[in-house]
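Please take a moment with the sequence and the model shown here, and then follow the paragraphs below, which go from one part of the structure to the next.

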Amino acid sequence: MAKYNPQEIETKWQAYWEEHQTFKTGTDKSKPKYYCLDMFPYPSGAGLHVGHPEGYTATDIICRYKRSRGFNVLHPMGWDAFGLPAEQYAIQTGTHPAITTKKNCDNFRRQIKRLGLSYDWNKEVNTTDPKYYKWTQWIFKRLYGTWFDEAQQKGRPIEELPIPADVEAKGKEEVRKYKDSKRLAYYADAQVWWCKHCKIVCANEEVL
């Protein structure tokens with residue numbers, strides 16, 4: 001029996017999968033659907049660590065099984081690239097975070113593909129992409145403008161919120177406070193770490 005050569009065999013099949021779009025999400029409406037979402041990694045300059053493939057291997061097994069059982073499987077990958085690490089690295093190196101983030105994402109993508117995981121790379125997302133985060137902004141605004149109607153068991157526009165007579169009698173400010181207390185997303189007073197120099201709220205990690 002010939003010795004298994006991973007460099008030859010794995011790269012051969014990975015190239016085949018990519019060329020033939022083997023793991024592209026199916027669109028046959030007669031088949032059942034299965035959606036499997038992995039936690040998007042933060043693409044650091046250090047590359048993947050052992051914890052990434054540990055979790056991704058388990059979901060990959062499930063997705064391959066579901067495909068073999070005739071499911072249309074949506075198994076995307078993306079990058080949780082916004083946040084403190086990118087900001088701190090940019091400050092330390094003087095490099096624009098868009099440059100380092102793209103470089104890190106490219107490296108992570110290369111490493112994940114080399115592992116042979118069955119993602120649909122047509123569905124790849126990046127949280128720093130304006131076409132992505134415009135929708136997180138949109139949904140937050142929707143939540144802010146919505147209250148939950150217990151009687152109807154659904155969200156309704158804040159403009160349709162019934163205001164109790166005793167609240168209305170106290171004036172506009174009390175009405176505003178009442179509305180704010182019913183919003184699905186809301187402003188609140190809270191203790192925060194405040195940087196006088198940057199004039200911005202800091203994360204615990206920044207304080208340390």
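Leaving aside residues up to four places away in sequence, Phe40 touches Tyr56, Pro76, Met77, Gly78, Trp79, Asp80 and Val125, where contact means heavy atoms within 4.5 Å. The model is a predicted one, in which local features need pLDDT of at least 70 and side-chain atom pairs count only at pLDDT 80 or more, while totals for chains, interfaces and linings use all residues. Residues are numbered from 1 along each chain as its sequence is written, and side-chain values use heavy atoms, with hydrogens and water left out.

Phe40 also belongs to the largest nonpolar core, which has 12 residues, among them Tyr56, Met77, Trp79, Phe108 and Trp121. Such a core is a set of buried Ala, Val, Leu, Ile, Met, Phe, Trp, Tyr and Cys residues joined through side-chain atoms within 4.5 Å; buried means under 20% relative accessible area, exposed over 50%, and partly exposed in between, with a 1.4 Å probe and protein chains only. The largest share of this core, 3 residues, is supplied by α4, and helices (H or I, at least four residues) and strands (E, at least two) are DSSP runs numbered from the N terminus. Helix α4 also holds Lys102, which counts as exposed because its relative accessibility is 53%.

Which helices each supply at least two residues of the lining of the largest pocket? They are α1 (6–20) and α4 (97–115), and α1 gives the most, with 4 residues. A pocket is found on a 1 Å grid over the protein atoms alone, as an open set of points where a 1.4 Å probe fits, with protein on both sides within 12 Å along at least five of seven lines, and lining residues have an atom within 4 Å of a point. The volume of the largest pocket is about 310 Å³, a volume being the space filled by probe spheres set on the points. Of its 17 lining residues, Gln14, Trp17, Glu18, Lys113 and Trp121 lie nearest the centre, and the lining divides into 6 nonpolar, 5 polar and 6 charged residues.

The loop between α1 and β1 (33–35) contains Thr25, which counts as buried because its relative accessibility is 18%. The side chain of Thr25 makes a polar contact of 2.7 Å with the side chain of Asp120, a polar contact being a pair of N or O atoms within 3.5 Å, of which, within protein, one must be able to donate a hydrogen and the other to accept it, and residues adjacent in sequence count only if both atoms are side-chain atoms. Gln21 is placed in the loop between α1 and β1 as well; its phi is near 50°, a positive value in a residue other than glycine.

In the loop between β5 and β6 (154–157) lies Gln153, which counts as exposed because its relative accessibility is 52%, and whose phi, near 55°, is positive in a residue other than glycine.

Definitions and conventions. Ala, Val, Leu, Ile, Met, Phe, Trp, Tyr, Cys and Pro count as nonpolar, Asp, Glu, Lys and Arg as charged, and the others, Gly among them, as polar.
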